Amino acid sequence: MSIIIPGDSVQVANSVALGPGVVCTRNRSVIPVTAGILEENSKSIHVESNGRRYVPSTNDYVIGTVTGSFGDAFRVSLSDFTFPVSLSAMAFPNASKKNRPNLKVGSLVYARVSSAIPEIDVEIECLDPTTGKDGGFGLLEGGYVFDVSLAYARTLLFNPNYPLLNQLVKKCQFEIAIGLNGKIWIKTDDLKHTLAAANAIKQCQLVPSSECSNVINSAFKSLSQ
Amino acid sequence: MDGRRWNELRRFQCRINTHPNSADGSSFVEQGNSKVVCIVEGPMEPPSRSQLSATEATLNISLNVTPFSSIDRKRRNKNERRIQEIITSLKRTFEQSIITDKYPRTTISITCHVLTLDGGLISAVTNSITLALIDAGIAMYDYISSVSAGFYDNTPLLDLNQLEENDLSYLTIGIVGKSEKLALLILENKIPLDKLEGVLAIAVAGGHRIRDMMDKEVRRHGELRLSKLANK
Amino acid sequence: MAKGIETSANEKAFIIDALTQGVRTDGRKLDEYRDVKISLGSQYGSVDVTMGETRVLCRISSEIVAPYEDRPFEGLFTVSTEISPMASPMFEQGRQSDDELLITRTVEKAVRRSNALDLESLCIIAGAKCWSIRADVHLLNYDGGFIDASCIAVMTALQHYKKQDITVSGEQVLVHDFSERSPVGLSILHVPICVTFAFFNPHGVEQNIKGDAKEIYVVDPNMQEELLKHGILTVTINKNREVCQVSKAGGLPMDALTLMECSHKAFTIAEKLTNDIKKLIEEDDLQRKGSQWKMLSASNDR
């Protein structure tokens, strides 16, 4: 693991998959195009960096707000001040022409990006394409949603060693959905717990992972007063 | 100081349905020497699709203070910031009191002409809009009646004219129906905090009186129409 | 104003639910004002105010001009507010929305119409020359409470500002440099402070108008609360218990009694802020004097 910036040279084995942050030039050399932490293993290589704006890419898990419906699709906003993406009414488990999912303007959905070609509209879907079941996707009811940085959302979702969620579970029961577009939805049985958990998650992105438990404790303590 | 007592309103006269052929709703309000004509059109299809809201009606208000309305014949710019501010305030007020979700995908356009101005611009305009909206048959929660009140030398004064407005600090309120709920409140000069309550109290009382007078006119007009129907 | 920001129904329901239980998402009490951090610039009349995430910069400048013909004994004072996409992408360049207009007007009314600055003291030669004071307010970051922050910024900057000293001889006006004569401050008559309240209606509009349900109000709303509010009220008040301006541009109807309650709350906040500002200015003054003396004594030593 090392910090890399554009202009540095990267040594790669012959057959690896290139992730975000590195590109292959015309003369077949690999160069970094963003600054960040270089992560590589035997199969892939990418640069981990924190962006401000979410750019959808296929297979990302996202949380979106429904902003309208037209024809047989819904318009969903993934982040503020960006173009909306479309969510087909057919992209739900057991959906048919007659069985339309009941989504109102303002509802939250947890979905997967099914196609992200820059030239055409991004599409998301609320089902697991391998099984056709919901796979945990769909409408999110109640709870609270808030924004975190993109890198932090990735850490929470993909890094099983990150201690936050395991420690949070000791404080209260919760349901959580983490969107790679920097949105986190959380729901607990009590409003104050939800707020405390949300604040704890928000504050943890500013401290090293060793201090997570302190942050959680103080967030819950300040609320119980 | 025109011979009124402190809690007396100026002569308040109003008519509704003054322009039955040219608009859906119209009214004429006279508060002292201030005269305002208001015309309401709608609910109708919006001229451009961009103004359309899928769930609510959109309000458009325009306010025309005629150049011959006040003593100094000043040509007022339509985009003057003060006028724009009043329009925005009025829009916010009426958006809350019209049951806008009854008229989705429509616009209601309101046009006010101030013929003569002798103080109480906002209150006269507000009252005229209320009446015109009622005449147009647009569903509202309640009347919005508006009146100004000032403060001079330890006595609160109701319904100021232009001369008084220039010299005294005053506030304008809009009251919802017979309640003590304020839909609109604008105060631009200094009033001691402890006196504020008294000024508000007479303004609320004045607002209720105006509401009653507007109500009377609406009922009178209703009966007139009813009798015409019966004759036919 | 909220163009581009989509607030989900879940968030709305949660925040209003939290407010009915007396909890705000940023952990404040319903009637708690955010901490105001004021920092004075190295030059007279430049002030940076931070309230939560909101940040406002104010700069005062002055020049000598001819007064208005109809007001020969008064100087000029203008407040110009600059709201650019720098503060938040929801503000568009070049186009002013209704909300921005209301914000600008409220700040201007609060400071200018209430005669916070003694305009007559700006007169140099009646009908011929006077000072023109200009306050430029720039919104650097937006998280609600812009009116409050800019009002504090302008008032602090005005108290902090010092203009060059002048001597008048006949028709001639001589402007002295800072090094020649120590600059003079502006004469401030009172310090108006704006306090904004946001109103929320947990029930339907109908119930509210009938008076069954009471609305909830919070002091100094942040951006999220400002986007969700049903009505807003700005009270401008000074230390002398004078209400300088109240504006409630439509929105949720509210009780007259609530207004009185709000004004009294605003007064306590304003009183505290005025004292804070005063203390800050005095400290800064002392510091500046200290360095001045040092300079003088240094020249004496030589």
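Visitor: How far does H1(B) reach from its first C-alpha to its last?
Guide: H1(B) reaches 25 Å with its 17 residues. That is close to the 24 Å expected at 1.5 Å a residue. The expected span is 1.5 Å times one less than the number of residues. Helices (H or I, at least four residues) and strands (E, at least two) are DSSP runs, numbered from the N terminus.

Visitor: Where do these coordinates and labels come from?
Guide: This is a predicted model: local features need pLDDT of at least 70, side-chain atom pairs count only at pLDDT 80 or more, and totals for chains, interfaces and linings use all residues. Residues are numbered from 1 along each chain as its sequence is written, while chains are lettered from A and ligands numbered from 1 in the order in which they are written.

Visitor: Back to H1(B). Which residues there are buried?
Guide: Among them are B:Glu85, B:Ile86, B:Ser89, B:Leu90 and B:Arg92. B:Phe94 and B:Gln96 are buried too. Buried takes 20 or more other C-beta atoms within 10 Å of the residue's own; 12 or fewer is exposed, in between is partly exposed, and C-beta atoms are placed from the backbone.

Visitor: Which chains share the most contacts?
Guide: Chains B and C, of the two pairs of chains in contact. A contact is two residues with C-beta atoms, placed from the backbone, within 7 Å.

Visitor: How many residues does each of chain B and chain C bring to the contact?
Guide: Chain B brings 34 residues and chain C brings 32. On the chain B side, helix H1 (81-97), strand E8 (169-176), strand E9 (181-187), strand E10 (191-192) and helix H4 (193-231) give two or more residues each. H1(B) gives the most, with ten residues. By class, that side of chain B has 15 nonpolar, seven polar and twelve charged residues. Nonpolar means Ala, Val, Leu, Ile, Met, Phe, Trp, Tyr, Cys or Pro; charged means Asp, Glu, Lys or Arg; the others, Gly among them, are polar.

Visitor: Which strand of chain C pairs with E9(B)?
Guide: Strand E14 (residues 242-248) of chain C. The two are antiparallel, with three bridges. Strands pair if DSSP finds at least two bridges between them. B:Leu187 faces C:Val246 in E14(C).

Visitor: What about chain A and chain C? How many residues are in that contact?
Guide: Chain A gives 19 residues and chain C gives 15. The chain A side gets at least two residues from each of strand E7 (61-70), strand E13 (144-147) and helix H3 (191-204). H3(A) supplies the largest share, four residues. That side of chain A has seven nonpolar, nine polar and three charged residues.

Visitor: And chains A and B: how far apart are their nearest C-alpha atoms?
Guide: They are 10 Å apart, and the two chains do not touch.

Visitor: New topic. How many residues are in the largest nonpolar core?
Guide: That core has 179 residues. B:Leu171 and C:Cys151 are among those with the most contacts inside it. Helix H3 (residues 146-160) of chain C gives the largest share, ten residues. A nonpolar core is a set of buried Ala, Val, Leu, Ile, Met, Phe, Trp, Tyr and Cys residues joined through C-beta atoms within 7 Å.

Visitor: What does B:Leu171 touch?
Guide: Its partners include B:Leu185, B:Val199 and C:Val246, not counting residues up to four places away in sequence.

Visitor: In chain A, which order do the four strands of the open sheet take?
Guide: The order is E1-E5-E6-E2, with mixed pairing. Strand E1 (2-4) and strand E2 (17-18) of chain A are at the edges with a single partner strand each, so one side of each has no neighbour in the sheet. E1(A) runs antiparallel to strand E5 (residues 36-40) of chain A, joined by three bridges. There, A:Ile3 stands opposite A:Ile37.

Visitor: Along strand E9 of chain A, which side chains are buried?
Guide: A:Val85 and A:Leu87 are buried and point to one face. Four bridges join E9(A) to strand E8 (residues 73-77) of chain A, running antiparallel. A:Val76 stands opposite A:Val85. Strand E11 (residues 123-125) of chain A runs parallel to E9(A), with two bridges.

Visitor: Last one. How many helices and strands does chain C have?
Guide: Six helices and 15 strands. Of its 302 residues, 42% are buried.
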